[in-house]
Amino acid sequence: MDKIRIIGGRPLKGQIYIGGAKNAALPLMAASLLTDEPVHFRNIPDLADITSMAILLEHLGVDIGQGMDIDTTGQLSVPTPLMKFHAHHIKTTTAPYDLVRKMRASILVLGPLLARMGQSVISMPGGCAIGTRPIDLHLRALEALGAEITLDEGYVHARAPKGLKGTTFTFPLITVTGTENVLMAACLAEGETKLINVAREPEVIDLANCLVSMGAKINGIGTDTLVIEGVDRLSGTTHTVIPDRIETGTYAIGALMTHGDVTLLNTKLDMLPTFIPTLQDAGAIIEELPNGLRVSSTGRINGVDIMTEPYPGFPTDLQAQFMALMCTADGASMITETIWENRFMHVPELQRLGANIIVHNASAMVRGTKKLSGAQVMATDLRASVSLILAGLVSHGETIVNRVYHLDRGYEQVENKLAACGIEIERIKGEPHEPEDKRVA
Ligand code: EPU
């Protein structure tokens with residue numbers, strides 16, 4: 001397995017091009033199942049999770065290809081790569097364990113398959129490093145739409161032989177992929193569906209906008225209530241995936257942490273409404289640009305408390321990175337995680353680098369220290385991995401981050417992007433079949 005080697009101590013200075021959002025691209029790709037016409041996407045990132053979703057869709061019968069077109073939606077008309085999906089003939093409605101276990105977001109094919117084909121059998125995704133990750137709310141909402149659902153031998157069996165029927169459903173708690181799954185299903189249900197207490201993440205809005213361009217009738221996009229008037233069929237479209245706000249926030253943290261000066265291109269400030277002011281409180285100078293933002297440092301890092309919450313609150317997917325920042329702050333920071341029950345897996349690894357962190361239940365008290373020192377570390381999830389890379393940027397000497405395959409699920413070319421900004425960083429190629437739990441340290 002590959003490792004990343006970093007020699008800390010250099011400022012992050014230069015330009016970084018932000019890719020398309022992984023968590024927007026995954027549901028958008030699943031939405032291609034809703035129509036027998038071609039659906040084309042610009043700005044799909046080149047990531048392991050995208051490959052996993054593409055393999056699953058191909059298994060279901062979707063033809064996938066590449067192409068180029070001229071994107072005229074931005075300021076410049078530039079030739080842009082396209083990823084093309086065509087679900088003209090769905091050959092199976094079963095998503096087997098081997099394909100689903102690699103990526104929990106595979107559950108996103110359930111709603112579209114059920115709505116278009118009247119049935120679907122999907123392996124239960126199971127838990128992962130950050131929590132138990134139940135899908136009960138996806139299933140309850142689909143049942144409210146008239147699906148018959150049974151669980152058998154680790155598989156969800158869903159049937160709606162007479163089609164789905166519009167209804168009102170209130171999510172008892174906010175779920176991002178749950179909202180996306182049910183929204184996609186409701187587009188082809190008969191009559192009106194009202195979904196209350198839905199997720200308002202930019203990725204949900206991007207999906208809804210794409211569905212509208214396919215002919216769906218959706219009101220309330222961007223609010224906590226979506227009203228969907230079902231249609232008989234959806235058509236093809238071409239859609240540009242929104243920029244990755246978590247990648248944006250990650251490199252913005254890197255700029256402040258190293259007292260650097262970075263221009264993040266092809267991204268937007270308004271997708272991070274709580275994070276940006278928090279980073280400014282922590283000492284960042286942030287300037288909005290026509291096609292992105294510039295992040296530099298006041299020369300000081302202040303301790304700031306955060307609590308993760310659904311959008312527009314502080315994103316859980318930036319919690320680990322913010323904790324890495326707080327490890328070198330002047331003062332203390334209380335970090336409270338309210339979304340995932342086990343998302344402090346990076347704490348013991350940051351401690352190996354010399355961080356002063358005490359965890360009590362869902363909160364971590366981080367006392368800033370002047371000096372982190374390089375060590376061998378590893379992480380069990382994507383955002384934890386990148387938090388260790390960030391910590392490595394300011395650690396004295398060499399930091400080796402093991403198990404880089406987590407990173408490759410969600411960060412495109414992280415080592416190349418950082419190296420181009422002056423960081424001493426390289427990927428060390430490893431054995432492909434090294435056991436997953438082997439610790440190098
Ligand atoms: N929950 C339930 N029942 C459900 C669904 C969710 O109890 O049926 C609970 C979860 O256990 C959790 C909370 O609701 O406590 C929120 O979970 P949510 O369903 O919103 O998470 P998700 O849709 O599985 C997406 C992102 C995650 C991100 C979360 C929260 C995708 C593909 N994944 O997951 O991204 O952390 O929303 O914002 O969109 C990542 O990219 O690193 C990542 C983990």
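Helix H5 gives the largest share of the shell around the ligand, 3 residues. Helices here are DSSP runs of H or I with at least four residues, numbered from the N terminus. The model is predicted, so local features need pLDDT of at least 70 and side-chain atom pairs count only at pLDDT 80 or more, while totals for chains, interfaces and linings use all residues. Residues are numbered from 1 along each chain as its sequence is written, and side-chain values use heavy atoms, with hydrogens and water left out.

The ligand has 22 residues around it, and Asp136, Thr175, Thr177, Asp317 and Ile339 come nearest; a residue is near if one of its heavy atoms lies within 4 Å. By class, 11 residues of the shell are nonpolar, 5 polar and 6 charged. Ala, Val, Leu, Ile, Met, Phe, Trp, Tyr, Cys and Pro count as nonpolar, Asp, Glu, Lys and Arg as charged, and the others, Gly among them, as polar.

An oxygen atom of the ligand lies 2.6 Å from a polar side-chain atom of Thr177. For Lys22, a polar side-chain atom is 3.1 Å from a ligand oxygen atom. In the side chain of Asn23, an N or O atom is 3.0 Å from an oxygen atom of the ligand. Such polar contacts are pairs of N or O atoms within 3.5 Å.

Helix H1 (22-31) is among the elements that give two or more residues to the shell. The axes of H1 and helix H7 (residues 202-213) come within 8 Å and cross at roughly 30°; axes are lines fitted to C-alpha atoms over the stretch in contact, and angles run from 0 to 180 degrees between N-to-C directions. H1 and H7 are therefore roughly parallel, the term for angles under 35 degrees.

Notes: A polar contact is a pair of N or O atoms within 3.5 Å; within protein, one must be able to donate a hydrogen and the other to accept it, and residues adjacent in sequence count only if both atoms are side-chain atoms. Angles under 35 degrees count as roughly parallel, over 145 as roughly antiparallel, 65 to 115 as roughly perpendicular and the rest as oblique.
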